[in-house]
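Let's take a walk through a protein and the DNA beside it. Have a look at the picture, and then we'll go piece by piece.

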There are 2 protein chains.
Amino acid sequence: MEIDKVIHEPARLRIMMILQGVEEADFNFLLNTLGLTRGNLSRHMDKLESAGYIKIKKSFNGKLPYTSYQIMKKGLGALEQYWQNLDQVRKGSDLPAE
Amino acid sequence: MEIDKVIHEPARLRIMMILQGVEEADFNFLLNTLGLTRGNLSRHMDKLESAGYIKIKKSFNGKLPYTSYQIMKKGLGALEQYWQNLDQVRKGSDLPAE
DNA sequence: AAAAATAGTTTGCATTGCAAACAAGTTTGC
DNA sequence: GCAAACTTGTTTGCAATGCAAACTATTTTT
């Protein structure tokens with residue numbers, strides 16, 4: 001049993017928990033909600049996209065760029081698995097000779 | 001609410017969960033149980049000691065050095081707090097405007 | 001038209017996890 | 001009895017990562 005490092009990072013875990021509950025969320029919403037710097041948020045989203053956990057949707061809001069994010073099936077599955085794995089650790093049932 | 005990075009590292013979280021349940025555990029027991037390298041384990045234990053979460057007890061088993069570890073009150077508290085914080089994240093109740 | 005704001009991205013640094021190399025002694029084999 | 005191999009850890013060095021400052025590109029304000 002391996003803890004998923006992509007999800008384990010607290011900022012990304014929070015992002016995944018947010019995305020799990022909504023249709024989609026945009027850059028500024030996440031920024032305000034999480035209190036990260038923009039650079040930091042940008043990198044985290046890249047990482048989540050590289051893992052195939054979210055989709056980045058770029059468009060324009062009027063003339064300004066507008067970026068929003070959507071969790072993907074793979075991301076939902078990974079998130080669920082993550083919590084299950086953590087439950088195992090919590091119960092101690094990840095140790096041999098239980 | 002801040003996730004405790006000292007505990008958050010999966011290897012150290014497992015170590016803390018083990019130490020929580022026993023009087024004390026020695027180096028080789030942790031080594032075999034967790035499947036880390038010796039160097040890696042040594043560093044993790046240093047980190048936990050620096051945080052004041054465990055006590056390192058050095059003695060001799062016959063003529064060979066023998067190192068064992070014991071969780072401290074501060075460590076127990078931090079571990080409990082850690083799980084509480086993670087529960088908050090899980091419930092989404094760490095977000096503003098809940 | 002210059003200055004400030006918006007919306008992100010890229011770069012660079014400091015920290016950290018990890019294993020290889022090292023240290024210090026002990027036991028085994030010849 | 002001494003060299004080789006084992007035990008028990010620690011230290012060193014590298015690669016990856018989180019983080020914020022600096023940058024890009026465009027738009028809005030003054």
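In strand E3 of chain A, A:Tyr66 is the bridge partner of A:Ser59. Before going further, some ground rules: this is a predicted model, in which local features need pLDDT of at least 70, side-chain atom pairs count only at pLDDT 80 or more, and totals for chains, interfaces and linings use all residues. Residues are numbered from 1 along each chain as its sequence is written, chains are lettered from A and ligands numbered from 1 in the order in which they are written, and side-chain values use heavy atoms, with hydrogens and water left out.

Back to the sheet. Strand E2 (residues 54-61) of chain A runs antiparallel to E3(A), and 8 bridges join them. Two strands count as paired if DSSP finds at least two bridges between them; the helices (H or I, at least four residues) and strands (E, at least two) are themselves DSSP runs, numbered from the N terminus. E2(A) and E3(A) make a hairpin with 2 residues between them, and A:Gly62 in the turn has a positive phi of about 70 degrees. E3(A) also pairs with strand E1 (residues 25-26) of chain A, in the antiparallel sense over 2 bridges. There, A:Asp26 stands opposite A:Ser68.

Now for the two chains together.

B:Arg14 sits in helix H2 (residues 10-21) of chain B and counts as buried, at 14% relative accessibility (buried means under 20% relative accessible area, with a 1.4 Å probe and protein chains only). Its side chain reaches the backbone oxygen of A:Met1 at 3.4 Å. Beyond neighbours within four places in sequence, the contacts of B:Arg14 (heavy atoms within 4.5 Å) include A:Ile3, A:Val89 and B:Leu34.

On to the DNA. Of the 21 residues around DNA strand C, those that come nearest include A:Arg38, A:Thr67 and B:Arg12; a residue is near a strand if one of its heavy atoms lies within 4 Å of it. Sugar and phosphate account for 64% of the atoms of DNA strand C that come within 4 Å of the protein. For DNA strand D, that share is 60%.

| Side chain | DNA atom | Distance |
|---|---|---|
| A:Asn28 | phosphate oxygen, DNA strand C | 3.1 Å |
| A:Arg43 | base oxygen, DNA strand C | 2.8 Å |
| B:Arg12 | phosphate oxygen, DNA strand C | 2.5 Å |
| B:Ser42 | phosphate oxygen, DNA strand D | 2.5 Å |
| B:Arg43 | base oxygen, DNA strand D | 2.7 Å |

Notes:
A polar contact is a pair of N or O atoms within 3.5 Å; within protein, one must be able to donate a hydrogen and the other to accept it, and residues adjacent in sequence count only if both atoms are side-chain atoms. Buried means under 20% relative accessible area, exposed over 50%, partly exposed in between (1.4 Å probe, protein chains only).
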